[in-house]
Amino acid sequence: MKTPDLVRNESAAPVLAVQGLHKAYRRGFWGRRGAPAVADLSFSVARGEIFALLGHNGAGKTTTLKAILGLVRPERGTIEICGVDAQRPESRARVGYLPEAPYFHENLTAGELLDFYGKLLGMDRGRRRERTRTCLELVGMASEFGRRLGDCSKGMRQRVGLAQALLAEPDLLILDEPQSGLDPLGRRQVREILLDQKSRGVTVIFSSHIVPDVEAVADRVAMIRHGGLDEIRDLRRQPGGHGFQAVIAVPPDTSETAQVIAAEGLTVSRRDSDRWTVDAAGPGDLGRLLTACHLDDLPVPEVHSAGGDLESIFLAGLEGRAAEPEVASC
Amino acid sequence: MLTRTLAVAHGTFRETVRDRLFYLVGFFGLALVGATTMLSPLTVGAQGKIVADVGLAAMALLGLLVVLLVGANMVRKEMERRTITTILTKPVGRGEYLLGKYLGLGLTLVCMVGLMGLLYVAAVGLTPATLAWSHLAAVYLVLLELLVLTAAAILFSTLAGPALAAVFSAMLFAIGHLGESMLDFGAMNGGWQQAVTQVAFRILPDLEVFNVRAAVVHGDPVTATHLLLATGYAIAWIVVFMLLARGVFARKEL
């Protein structure tokens, strides 16, 4: 089989192009088509970008990812990975995939599982050994090389799943709810891995229904509702970036509050009569601000992610769906 | 293509070995010892026939058990557990995957029947009966039948859930061995029953081709021509079942 040239180049062509994707699953004995799981979805993902699909349960995120991977056949629309039709196996030569809540053969060890996938990828023995070790180290599972997967916790299996997705040194990484089932440390580790992959020029597309997970790493996010695309937001251009906003209840004399904020090098983005909203670029700034406020007895009734806009929009979309008909889940 | 197919086959073989399927070989040994010990006093001078009859029947039934438990469950289990998605999202074609699965389970059956064959030969050798070429031919034919049934089970596994696939496979086994009786029954009743039994007989494999137990027990020879024709017949049915399975599986949404 001829492997397409997916090696990272600097061409402007998108790594992934989805055009007019439409999919309704067949249901029941006669196989009648139900409501569309995905309806006329179009987007493209540029090289080195982290792109998120954000949507409620049953919105069509997993169906979209499965269509990209050739696991389901779209009724309409085209999907190309580096210009190769996604239905062709060779389009997946440099694609890594982590399914939601991955399950593996219980009797294999983590090392054997990765070795098996390495064989499917056509790697020779030396390369398999090297990649297995590297990938298990990357996901913090190096010490579990010989552990039976049946004895692994859900979080450990998620990490092994991530390791197998990284095995081929993919150009395109496709992750379905990659942070589900992980503890806070694991979630942070996944974030770091995704950002590390991005720094290596890898394109990442992942699905999630958790807004902070998306805001923490995504460059752009497609909000999907009932299988349709609501909008695509560029989080890189969003004011505040991936930071936070703290709302401080200010006393009548605001001078002391202004001094505290200025001392921390932060700025007030909104001044209401009794409440000021302060932008913090990251957890460090936020922590210092909260400590300073605590020392000066300044109440901080609200702290939220600077991407609160995204959450508001997402939630507004969800609240609006009660009146709409139920859709098919994947 | 071959590398990926063999990788899937190796993985499948390893899974079945670790699922302790080979314990069935132990049951086979116990069945042989039990049959020889309990029945021999009742059949003075015919111990060899008893061992041959019980041995070949036990081999076929234990093999069938593996096909029903593993083959009929194979693809559907991977679909339900979604282990299949991480495999098929590698550059592995669906046909390669199915073939690998078939070869993996086929290798398991070859090893199992091989081990049971050794026990069988040893058991026959311990009786006054002479070990003939036909004993080995019978073991080989049992293996061929199991390989045909495995391909059918994989086809059913792509079409239906594990329970239904196992039922279909068992029905195929039963019809395959009762074809002649079915034809007689149809001819006796005439009308649509005759037509149905004739169609069923023609479109399903005749597994009696692989059953030479009676010949072995009575000391009749099994000819090389029979073995060659049976091999060709088995290969033809395996190809048919696997092509059908591939056709169904290619359209499957995972």
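This is a predicted model: local features need pLDDT of at least 70, side-chain atom pairs count only at pLDDT 80 or more; totals for chains, interfaces and linings use all residues.
Residues are numbered from 1 along each chain as its sequence is written, chains are lettered from A and ligands numbered from 1 in the order in which they are written, and side-chain values rest on heavy atoms, with hydrogens and water left out.

Chain B contains 11 helices and 0 strands, where helices (H or I, at least four residues) and strands (E, at least two) are DSSP runs numbered from the N terminus. The radius of gyration of chain B is 20 Å, close to the 18 Å that the globule rule gives for 254 residues, so chain B is as compact as a globular protein of that length; this radius is taken over C-alpha atoms, and the rule is 2.2 Å times the number of residues to the power 0.38. The C-alpha trace of chain B spans about 60 × 50 × 30 Å along its principal axes. Of the 254 residues in chain B, 52% are buried, a term that means under 20% relative accessible area, with exposed meaning over 50% and partly exposed lying in between (1.4 Å probe, protein chains only). Among the contacts in chain B with a separation of 6 or more, 81% come from residues 24 or more positions apart, contact being defined as heavy atoms within 4.5 Å. The accessible surface of chain B amounts to about 11,500 Å², and carbon and sulfur atoms hold 72% of that surface; such areas come from the Shrake-Rupley method with a 1.4 Å probe, and for residues only the protein chains shown count as cover.

Ser134(B), which is located in helix 7 (residues 133-159), is buried with a relative accessible area of 6%, and beyond residues up to four places away in sequence it touches Val216(B), Asp220(B) and Val222(B). Phe185(B), placed in helix 8 (residues 162-189), is partly exposed at a relative accessible area of 44%, and its C-alpha atom is separated by 39 Å from that of Thr127(B), 58 residues apart along the chain.

Chain A has 9 helices and 14 strands, and 49% of its 330 residues are buried. In chain A, 71% of the contacts between residues at least 6 apart in sequence join residues at least 24 apart. Chain A exposes about 14,800 Å², of which carbon and sulfur atoms supply 49%. Within strand 3 (residues 50-55) of chain A lies Leu54(A), which counts as buried at 0% relative accessibility. Leaving aside neighbours within four places in sequence, Leu54(A) is in contact with residues including Lys61(A), Ile210(A), Val221(A), Met223(A), Leu310(A) and Phe314(A). The C-alpha atoms of Leu54(A) and Asp213(A), 159 residues apart along the chain, are separated by 9.8 Å.
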